[in-house]
Amino acid sequence: MSTNSVVNRLQRAKAGVGVGGSGSASPRKKGRFSARTWTLIAFALPSLILLLLINLYPVIYAGIQSVRNGDLIDAGNFVGFANYAKILSDPAFWAAAQFTVIFTVTGVFGSWLIGLALALLLRTRIPGGGVFKVLLLLPWVVPVVVSATSWNWLVATPQSPLPMLAQALGLGNVLFLANPVLAQVTVCVFKVWISFPFMMMMMSSALASVDVNVYEAAKVDGASSWQSFSHITMPLIARTTYVSWILMTIFCVNDFPTIFLLTGGGPVNSTTSLVVLAYRTVFQNFQTGPGVAIAFVMTLVLVVISVALYRQIRKVNIE
Amino acid sequence: MTSQSNGAAFTRRGFVGLAGGVAAATLLAACTPGGSGGSAKPIKFWNMPWGNTTFNPTDKQITLAYKPSAGLNPATYQVIQWANFTQTFSSAVASNTGPAVSSGGGTQAFQFESQGKISYADNLLDSWKKNGLYDDFLPGLIDTMKVSKGYAAVPYNLDMRVMWYSKALLDKAGAQVPTDWQSYLNTAAALKKIGVYGYGTGGGAGNFTGGHILVSWMINNGGGLFDENQKPNCVTPANIEAMSFVLEMVQKGYVDPASSTYTSANVQSQWAAEKFGVGFDTAGLAENVGGAVGPGLVVGSPLTGPSGKKGALYFPNNIMMYKNTPSQKGSEAFLTYYYKNMTPLWTKGTGIGLPPLKSITQTKEFQASANNVKVIEEWQPISRTWAAPGGTALFLGVTTVDGTPAMDTFTQSILGGKTDAKSALTTLENAIKANLKS
């Protein structure tokens with residue numbers, strides 16, 4: 001091979017033409033997609049359009065509804081951000097937001113604590129552990145309609161088992177659903193009961209990935225059980241923990257059936273969360289604009305919380 | 001001889017020929033009026049599960065037995081479940097894929113009427129004046145459907161709110177069947193002594209009956225929620241007196257303290273547990289309670305209020321016709337047939353509410369139930385709609401109180417007893433006004 005031809009090929013290579021190529025040595029035009037890229041785009045486009053139609057269209061349509069004063073049939077007139085101003089100045093919105101926070105914080109951390117405790121317990125070898133696992137999963141597996149009916153049977157009337165038990169314990173006539181504060185507690189406990197199996201599964205899978213040798217090494221170094229848990233277990237399952245918190249926060253904020261089936265948002269709106277308020281505004285008051293605006297505010301808050309937690313996950317990854 | 005499949009027999013030319021044939025047939029079918037072999041496009045009839053499991057099959061049988069006159073349309077039948085029915089109808093009507101004729105929620109016709117989706121029943125009712133159907137309706141029923149532009153719907157089945165009592169518990173307590181508000185208090189006091197509540201009701205998740213009964217007390221006292229201009233007017237002396245009366249019962253312990261959160265099932269279980277001795281509910285309470293207690297429940301006569309008036313709230317459920325129909329004449333012809341042939345819905349134990357036609361109430365099957373007869377004879381004539389005291393006919397504004405959060409909150413605050421009548425009524429009126437404005 002002559003020096004000339006090597007230099008020539010190098011020049012062609014610098015110009016963006018393959019060494020072995022037979023084309024002219026003109027440089028590749030910047031900003032143009034190759035045929036291969038176009039082919040890939042063409043293949044991906046139908047799925048992309050479908051995804052946009054399924055996910056983006058309803059969001060855009062809802063966004064439009066939130067700035068109009070329509071109902072379920074008529075789109076109504078454009079009212080700007082009046083619906084947002086209306087809901088944000090409505091005490092019912094803030095009461096619902098407050099209960100949503102209580103419900104979510106209790107739901108996330110209550111179910112996480114129980115789920116983690118059970119996951120740790122089930123990691124130890126106990127006879128019939130598999131059966132326990134299946135039984136513990138039942139609250140998550142059983143349809144919420146069935147669970148809500150069962151809980152209603154447990155607490156609704158003075159002759160229900162729990163009020164009877166309370167009476168036997170000398171606590172008097174405990175109104176689990178009729179007393180506003182107790183109704184909030186009952187709904188939150190119901191949520192924790194429904195959700196802990198999910199947390200248990202998440203924590204079990206996280207714990208399974210922790211190498212037991214780490215614990216043995218810590219034991220040799222004289223670490224106590226608590227030290228092992230707080231300095232080894234917790235940091236090693238932190239990523240899964242944050243993911244489960246994100247997911248459970250979304251589940252709780254968006255949870256409609258748990259509340260609606262048990263209390264309908266009552267008594268006197270004490271258990272009305274934002275999602276229940278949105279439903280009632282759209283489908284019982286027939287005010288689509290304010291109802292969708294509530295849902296949008298909810299979404300915004302959820303995104304902020306999710307991003308904050310996601311950053312925590314990234315931090316854990318870096319560490 | 002076994003049959004053999006020969007792939008070669010299905011040639012490319014054959015395939016093209018077949019495809020061409022199918023395309024041509026489709027094209028021809030599309031060009032045919034009605035698009036289905038020359039027959040008229042059917043009238044879509046959507047009905048709800050108004051009764052037990054036998055209701056819809058019986059109803060379907062009646063519908064599909066319809067043989068239209070020449071040139072008129074046949075009918076198809078579709079059951080629409082109560083779950084999310086508002087959404088089902090709204091989306092279908094908005095997209096013009098809804099029914100031509102349907103039943104539905106009690107105020108549904110008035111909502112769709114305000115949207116311009118309803119075909120008025122004036123012509124249909126005129127034709128019924130000639131064939132006797134019009135005069136067969138119970139008194140005052142048809143008037144409840146009249147809006148300014150015409151009749152929004154035709155009355156179908158009646159959802160009544162009536163007073164029930166347990167004869168056994170009243171006997172046990174040595175109490176009398178109440179006839180007015182004072183005697184009601186006396187009866188409730190007597191029942192309390194045997195650990196039974198004298199005002200059985202419920203206002204929990206999905207149970208709107210508690211609110212209905214509160215409005216019944218108002219109507220019983222000559223009150224109600226709307227004035228003659230169809231504007232909310234809740235804070236009236238009659239209403240304050242009625243709600244003060246209920247609050248008095250709550251304070252005196254005649255009302256189950258958990259009532260505000262009772263679902264319909266909870267209420268029925270309290271009747272079944274003999275914890276409720278007197279109360280107000282739908283006309284089907286005895287059947288719903290069932291067991292040993294149900295047959296012993298009796299419908300009482302309407303109470304006389306302090307103002308000397310009688311009254312209660314009721315819901316004339318209805319059947320409406322939509323503008324989106326293949327033929328208005330077809331819709332009307334179908335409804336005429338349906339009303340002339342719907343008697344089995346009430347004589348075959350389908351569990352539907354009370355009938356709108358006098359002829360059905362006179363059948364021996366209907367007369368066999370003393371409770372039902374009492375409801376029709378004594379309660380229906382004195383019952384009023386949500387429009388009371390200002391009017392008779394329903395209107396769009398009643399959708400702000402029928403199963404709405406405002407009414408739920410009002411009901412729960414009254415049954416919870418931690419309010420006073422005036423404050424609760426003022427909150428309700430403000431909520432109705434706010435909903436009407438938006």
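A residue is called buried here if 20 or more other C-beta atoms lie within 10 Å of its own, exposed if 12 or fewer do, and partly exposed in between, with the C-beta atoms placed from the backbone. The model is a predicted one, so local features need pLDDT of at least 70 and side-chain atom pairs count only at pLDDT 80 or more, while totals for chains, interfaces and linings use all residues. Residues are numbered from 1 along each chain as its sequence is written, and chains are lettered from A and ligands numbered from 1 in the order in which they are written.

Helices (H or I, at least four residues) and strands (E, at least two) are DSSP runs, numbered from the N terminus. The buried residues of H17(B) are Asn372(B), Val375(B), Ile376(B) and Trp379(B). These residues sit on the same side of H17(B), because they cover an arc of only 115° around the axis; the arc is that of the directions from the helix axis to the C-beta atoms. As for helices in general, an α-helix has 3.6 residues a turn, so residues three or four places apart point the same way. Over on the other side of H17(B), Ala370(B) and Glu377(B) are exposed. The cover over the buried residues of H17(B) includes strands S7 (154–166), S9 (297–299), S10 and S11 (383–384) of chain B, along with helices H15 (358–361) and H16 (364–367) of chain B.

Strand S7(B) is worth a look of its own. With 12 of its 13 residues buried, S7(B) is largely enclosed by the rest of the structure. Several strands pair with S7(B), where pairing means that DSSP finds at least two bridges between two strands. S10(B) pairs with S7(B) in the antiparallel sense over five bridges, and Leu158(B) has Pro316(B) of S10(B) as its bridge partner. S8 (residues 278–282) of chain B is likewise joined to S7(B) by five bridges, and these two strands run antiparallel. Val162(B) stands opposite Asp281(B) in S8(B), and Trp164(B) stands opposite Gly279(B). S9(B) is antiparallel to S7(B) too, with three bridges between them; there, Trp164(B) has Val299(B) as its bridge partner. As for S8(B), five of its five residues are buried, so this strand is also largely enclosed by the rest of the structure.

Stepping back to chain B as a whole, the domain assignment gives domain 1 (43–158 + 316–373) and domain 2 (159–314 + 385–437); such bounds come from an automatic or database domain assignment. Taken over C-alpha atoms, the centres of the two domains are 28 Å apart. Where they meet, 19 residues of domain 1 are in contact with 18 residues of domain 2, two residues being in contact if their C-beta atoms, placed from the backbone, lie within 7 Å. On the domain 1 side, the elements that give two or more residues are helix H4 (108–114), strand S5 (146–147), strand S10 (312–322) and helix H17 (370–379) of chain B. The largest share of that side, three residues, comes from H4(B). By class, the domain 1 side has six nonpolar, 11 polar and two charged residues. In this count Ala, Val, Leu, Ile, Met, Phe, Trp, Tyr, Cys and Pro are nonpolar, Asp, Glu, Lys and Arg are charged, and the others, Gly among them, are polar.

Chain A is built from 14 helices and zero strands. Buried residues make up 31% of its 319 residues. Of the contacts in chain A with a separation of 6 or more, 65% are between residues 24 or more positions apart. Val192(A) counts as buried, with 21 C-beta neighbours inside 10 Å. Not counting residues up to four places away in sequence, Val192(A) touches Thr106(A), Gly107(A), Gly110(A), Ser111(A) and Ile114(A).

Finally, the two chains touch each other, in a contact that takes 28 residues from chain A and 30 residues from chain B. On the chain A side, helix H12 (257–262) and helix H13 (274–284) are the elements that give two or more residues. By class, that side has 14 nonpolar, 12 polar and two charged residues. Over in chain B, Thr86(B) lies in helix H3 (residues 85–94). Leaving aside its neighbours within four places in sequence, Thr86(B) is in contact with Phe283(A) and Gly105(B). Thr86(B) is partly exposed, with 18 other C-beta atoms within 10 Å.
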